[in-house]
Amino acid sequence: MTGKAYLVGSGPGGLGLMTMKAREVIDGADVILYDQLPGEEILATLPRDAELIDCGKYGGSHTLEQDEIEALMVERVRAGKTVVRLKGGDPFLFGRGGEEVETLREHGISVEVVPGVTSAIAVPEMVGIPVTHRRYASQATFITGHEDPTKPESALDWEVLARLKGTLVILMGVKNLPAIAAALTANGKDPATPVAIIERGLRPDQRVTVGTLADIADKARAAGVRPPAVIVIGGVVNLYNGDGLSE
């Protein structure tokens with residue numbers, strides 16, 4: 001008896017930005033493995049007759065490790081269950097969805113991916129910051145601010161990143177923001193380059209902190225900035241006027 005697995009992106013926050021396909025799959029699930037990133041509004045609508053498994057990471061403490069999450073998915077599917085791995089944003093953008101697909105395929109398990117609107121684009125744009133703009137940026141580069149600590153060396157070439165003329169969008173970068181700003185400026189990025197940090201994007205307590213590479217780490221520390229947050233670096237930040245755009 002074999003079920004099916006779905007990797008579902010819930011979007012950047014709120015029911016209005018979740019796809020109809022995601023809603024359909026979630027409502028038909030027997031098992032849902034979720035973390036906190038989809039947000040309280042979406043998590044409150046998960047079907048109560050499904051088995052709900054919290055996989056969140058809270059203050060550096062992991063409810064379940066990645067291998068445990070993958071083992072649970074395999075076990076439940078093999079028991080004939082329809083299993084949803086629910087993620088914020090899109091499951092393939094720094095969401096470890098690719099790793100989960102690999103594991104499921106290795107076990108001969110059918111898996112379907114339901115894309116989600118990524119917070120890397122949606123969160124900045126909802127406060128009036130486009131990641132590309134004819135005047136400011138003809139390219140956007142997405143990087144993780146939280147690399148695997150077991151890597152022998154960084155996979156990010158800060159010299160190359162510092163030379164890019166477009167927009168840098170960083171996810172999971174709050175903790176390492178001082179090091180990120182220092183690496184970019186040390187490799188030639190103008191310290192006056194504008195930076196915006198959007199905390200808890202598209203939620204009622206959303207907050208934006210702006211500065212430059214030279215002072216953003218101090219401003220973030222003074223403001224008590226905490227994850228989840230999207231960090232935008234580049235001239236497009238000049239378009240932020242404090243108003244934001246309606247959902």
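Start by selecting S1 and S6: six bridges join these two strands, which run parallel. Strands here are DSSP runs of E with at least two residues, helices are runs of H or I with at least four, and both are numbered from the N terminus. Two strands count as paired if DSSP finds at least two bridges between them.

A word on what you're looking at: this is a predicted model, where local features need pLDDT of at least 70 and side-chain atom pairs count only at pLDDT 80 or more, while totals for chains, interfaces and linings use all residues. Residues are numbered from 1 along each chain as its sequence is written, and side-chain values use heavy atoms, with hydrogens and water left out.

Now try Leu 7: its opposite number is Val 113 in S7. S1 and S7 are parallel too, paired over four bridges. How covered is S1? Mostly: five of its six residues are buried, meaning under 20% relative accessible area with a 1.4 Å probe, counting protein chains only (exposed is over 50%, partly exposed in between).

Zoom out to take in the open sheet, five strands in the order S3-S2-S6-S1-S7 with parallel pairing. At the edges sit S3 (51–54) and S7 (111–114), each pairing on one side only. From one strand to the next, the twist averages 20 degrees.

Next, go to S2 (residues 31–34), which pairs with S3 in the parallel sense over four bridges. Pick Val 31 there and you'll find Glu 51 of S3 opposite.

**Helices on the sheet**

Contact means heavy atoms within 4.5 Å. Angles run from 0 to 180 degrees between N-to-C directions, and axes are lines fitted to C-alpha atoms, for helices over the stretch in contact.

Then switch to H4 (residues 97–106), lying across S1, S6 and S7 and running at about 175 degrees to S1.

**A helix pair**

Last stop: H7 (residues 177–186) and H8 (residues 216–223), whose axes come within 9 Å and cross at roughly 170 degrees. H7 and H8 are therefore roughly antiparallel to each other, a label for angles over 145 degrees. To see the contact, show Leu 177, Pro 178 and Ala 181 of H7 with Ile 216, Ala 217, Ala 220 and Arg 221 of H8.

Definitions and conventions: Parallel < 35°, antiparallel > 145°, perpendicular 65-115°, else oblique.
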